[in-house]
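Hi,

Here is the structure I promised to pass on, with some notes on helix packing below it.

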Amino acid sequence: MLFRSCNLGSIDLAKMVKSTKKGVEIDWNRLKDVVRLAVHLLDNVIDMNKYPIDEIAETTRKSRKIGLGIMGWADMLIKLGIPYNSEDALVLAERVMEFVLSAGRERSQELAKERGAFPAFRGSLFDLKGEPEQRNSTVTTIAPTGTIGIIAGCSQGVEPLFALAYVRKTGLAGNIGDIQLTEVNELFKQMAIDRGFYSDALMMEIAEKGTCVGVAGVPEDVQKFFVTAHDITPEWHVRMQAAFQKYTDNAVSKTVNFAHDATREDIANVYMMAHKLGCKGITVYRDGSRTIQVLNVGTKKEDG
């Protein structure tokens, strides 16, 4: 649609867990409080924002779309001890996003009573279905959260960890590759120390491979829930996206990571699966398909 604007915010799920006598669990009360606060904030942004042209201001205020999403999903799973590529993770994904959507719409309905429904409410699907007035025509979106994930120090969006150690290429004046930054997953490092299998030699090996899967010295249970983007089959990537899409008003940003030797048929199968499972879009990336790519497994600097 023309003249729409993005009004996005993301909740760090890694901050929504707590330790109890039973172990680590999701702090549902805190999550609800944060969702309600975030919806209120994003609704305020619509009125406080300065728009570049009148058409964008008019369209935005008419529908009052907001896009509250999440990040830190992989971190939450790790803290809960749940493998990303598991049925338990898919069930929890639906539960978490249904909770966020429900709490968000509840707050939007309250704001509608206080401030009025979005101007285009009459004749909308909400109206036709006889549902309560909403302040916002959409409440949830799951964005990539690339930069804000780095700032917040959490995993990006609903993605698995890209790698336990990798090189991020950036640069000045748009020249990607000028600067190479090594990223190391702190959750894994701390767990290795706490459980007594940390060593410089082990971390060096993992840094070269980018994953701990198949690395001698890393306990099997740790290998299971510290899986990375390339340890997970494309089918699991799509199923995870579909689980979140089920309770997301707008689209879910998610990348399916393919190895360099992926075929056209492999990619076609993912597109068809995403369509079948109800995803609104799908992104695929074949490792090494660009001369210079932003994220690179391992810590060795590449020539050129």
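Helix α3 (residues 73-80) and helix α4 cross at roughly 120°, and their axes come within 12 Å. Here axes are lines fitted to C-alpha atoms, for helices over the stretch in contact, with angles from 0 to 180 degrees between N-to-C directions. Helices are DSSP runs of H or I, at least four residues, numbered from the N terminus. The angle makes α3 oblique to α4 (under 35 degrees is roughly parallel, over 145 roughly antiparallel, 65 to 115 roughly perpendicular, and the rest oblique).

On the α3 side, W73, L77 and L80 meet A89, L92, A93 and V96 of α4, where contact means heavy atoms within 4.5 Å. By class, that contact has 7 nonpolar, no polar and no charged residues (Ala, Val, Leu, Ile, Met, Phe, Trp, Tyr, Cys and Pro count as nonpolar, Asp, Glu, Lys and Arg as charged, and the others, Gly among them, as polar).

Now for the other pair: α1 (residues 28-48) packs against α4 (residues 87-115) at about 45°, with the axes 9 Å apart. That makes α1 oblique to α4. Residues of α1 including W28, V35 and V39 meet a set in α4 that includes V96, F99 and R107. The contact of α1 with α4 divides into 9 nonpolar, 4 polar and 8 charged residues.

A word on provenance: this is a predicted model, so local features need pLDDT of at least 70 and side-chain atom pairs count only at pLDDT 80 or more, while totals for chains, interfaces and linings use all residues. Residues are numbered from 1 along each chain as its sequence is written, and side-chain values use heavy atoms, with hydrogens and water left out.

Best wishes

Methods
Helix = DSSP H or I, 4+ residues; strand = E, 2+ residues; numbered from the N terminus.
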